[in-house]
Amino acid sequence: MGNSGGSLTTRSTSTGELHQLMRAAGFTDIDDTEALAEGWRVTNFGDAGRRRLANLVQGTGAPAVMVSFHDSDVGFIEALTPDDNSWEGLLNREMAESYEIPLEHFPVGPAVAGALAWSAAAGLTPDEEAIRQTLTGSALFVEELSSALLAALGLPGAA
């Protein structure tokens, strides 16, 4: 299974500032950035090692959610707020199972609860049922589930 990069969603005043903070936090191959609404931006990257998300949130002072893609088949979610409200999850569980990824390490119930708490801490209005559907659903390309997750978390402008 190869790594296909990922996407980072956070608030930032500008794309240039965000890219600079991402580089400082250790993200590599920073690519396209899409502006959502209310200062939220989605940026693609090539690699983010351990503690990169924590370093970025500390640098920006803003909540962030990161999805690391593997072969466009599976997505590993990490989310964090500046006050250490965090959660982890998995996208495309059926495909993850075919890769023999231990699903018991990514229970859905705690991920939904964590996502709801993260969204509230980020000042968003999440949709609990949509979060649950995204975390249990499947798609040909995991990026589709990642986009659906952003909308379910209540990110303004996410579709």
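1. A quick definition to start with: a residue is called buried when its relative accessible area is under 20%, exposed when that area is over 50%, and partly exposed in between. Phe106 sits at 17% relative accessibility, so this residue counts as buried. Keep in mind while reading that the model is predicted.

2. What does Phe106 pair with? Its partner is Phe76, and the two rings make a tilted aromatic pair. How far apart are the centres, and what is the angle between the planes? The rings are 5.7 Å apart centre to centre, with 55 degrees between the planes. Overall, the count of aromatic pairs comes to three.

3. On to salt bridges. How many does the structure hold? There is one, and Arg132 forms it with Glu128. The closest N and O atoms of these two side chains are 3.8 Å apart, and the cut-off for a salt bridge is 4 Å. Both residues are in helix H5 (residues 128–136), and because they are four residues apart there, about one helical turn separates them. Are they buried or exposed?

4. Have a look at the acidic side of things next. Asp29, Asp31, Asp32 and Asp47 form a negative surface patch. Take Asp32 as the example: you'll find this residue in the loop between helix H1 (15–25) and strand E2 (33–35). Its relative accessible area is 52%, so Asp32 counts as exposed.

5. Two backbone spots are worth a glance. Asp84 is not a glycine, yet its phi is positive, at about 65 degrees. Where is Asp84? In the loop between E5 and strand E6 (86–91), and with a relative accessible area of 61% this residue is exposed. Glu100 is also a residue other than glycine with a positive phi, near 65 degrees. Glu100 sits in the loop between H3 and H4, and this residue is exposed as well, with a relative accessible area of 70%.

6. Asp71 is in the loop between strand E4 (64–70) and E5. At 31% relative accessibility, Asp71 counts as partly exposed. How many residues separate Asp71 and Gly114 in sequence, and how far apart are they in space? They are 43 residues apart in sequence, and their C-alpha atoms are 26 Å apart.

7. Now for two buried residues. Thr43, in strand E3 (residues 40–45), has 0% relative accessibility and therefore counts as buried. From Thr43 to Met22 there are 21 residues in sequence, while the C-alpha to C-alpha distance is 9.5 Å. Leu145 lies in helix H6 (residues 142–152) and is buried, with a relative accessible area of 8%. Between Leu145 and Gln58 the separation is 87 residues in sequence and 27 Å in space, C-alpha to C-alpha.

Methods: Residues numbered from 1 in each chain as written. Predicted model: local features only at pLDDT ≥ 70, side-chain atom pairs only at ≥ 80, totals over all residues. Heavy atoms only, no water. Patch = residues over 30% accessible without salt bridge, like charges linked within 9 Å, V, L, I, M, F, W, Y side chains within 5 Å. Areas by Shrake-Rupley, 256 points an atom, 1.4 Å probe, with all protein chains shown as cover. Lys, Arg positive; Asp, Glu negative; His and termini not counted. Charge placed at Lys NZ, Arg CZ, Asp CG, Glu CD. Buried < 20%, exposed > 50% of the residue type's maximum accessible area, 1.4 Å probe, protein only. Phe/Tyr/Trp six-rings, centres within 6.5 Å; stacked < 30°, edge-to-face > 60°.
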